[in-house]
Amino acid sequence: MGQSVLYDGLARKDIQDVLGCFGAFIKRYEQGESIALFPSKDIPERTVGILLSGNAMLAHYDSDGEMYYSQSYEGEGVFGSMFLSVSTDDYYVIEAKSKCEVAYTDFERISEFCENVCPTHVRFSRNLYRLIV
């Protein structure tokens, strides 16, 4: 893993440990696959996707079916319906632009520290917040 905001101050083992602490599950995607669709019946509203590797693009489709590229994620990123202003007629698709690895967890698992308040969890959560804002 290269240096980035998400991994700042963390080793590969730290990332694996904290994702376990979050109860995250990891999915891998091939180039061209849809990673997520919002709004979605399959992804709970409070679920956060954390792009761990690869490149992805967020596309916004309006009520007329017009597509607009909204955001690109390169090597790291955080996404979820809570970060989008989804109207009833619009939808968003996150597409893998290369092979991607995404961890999914409930936002509450990130924002509430474990009973041990381990430094790794605190560091990773702070790094995630830096990506979001």
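Strands are DSSP runs of E at least two residues long, numbered from the N terminus; two strands pair if DSSP finds at least two bridges between them. The model is predicted, so local features need pLDDT of at least 70, side-chain atom pairs count only at pLDDT 80 or more, and totals for chains, interfaces and linings use all residues. Residues are numbered from 1 along each chain as its sequence is written, and side-chain values use heavy atoms, with hydrogens and water left out.

In the hairpin of β4 and β5, five residues lie between the strands. Gly65 in this hairpin takes a positive phi near 85°. Strand β4 spans residues 55-61 and runs antiparallel to β5, joined to β5 by seven bridges. His60 has Tyr68 of β5 as its bridge partner. Tyr61 stands opposite Met67, also in β5.

The two strands belong to an open sheet of four strands, ordered β2-β7-β4-β5 with antiparallel pairing. The edges are β2 (34-38) and β5 (67-74), each of which pairs on one side only. From one strand to the next the twist averages 15°; axes are lines fitted to C-alpha atoms, and angles run from 0 to 180 degrees between N-to-C directions.

Ser98 lies in the loop that links β7 (91-96) with β8 (100-106). The Ser98 side chain reaches the backbone nitrogen of Asn55 at 2.9 Å. With residues up to four places away in sequence not counted, Ser98 touches Tyr29, Glu30, Gln31, Gly54 and Asn55 (contact means heavy atoms within 4.5 Å).

Note on methods: Polar contact = N/O pair within 3.5 Å; in protein donor to acceptor, adjacent residues only side chain to side chain.
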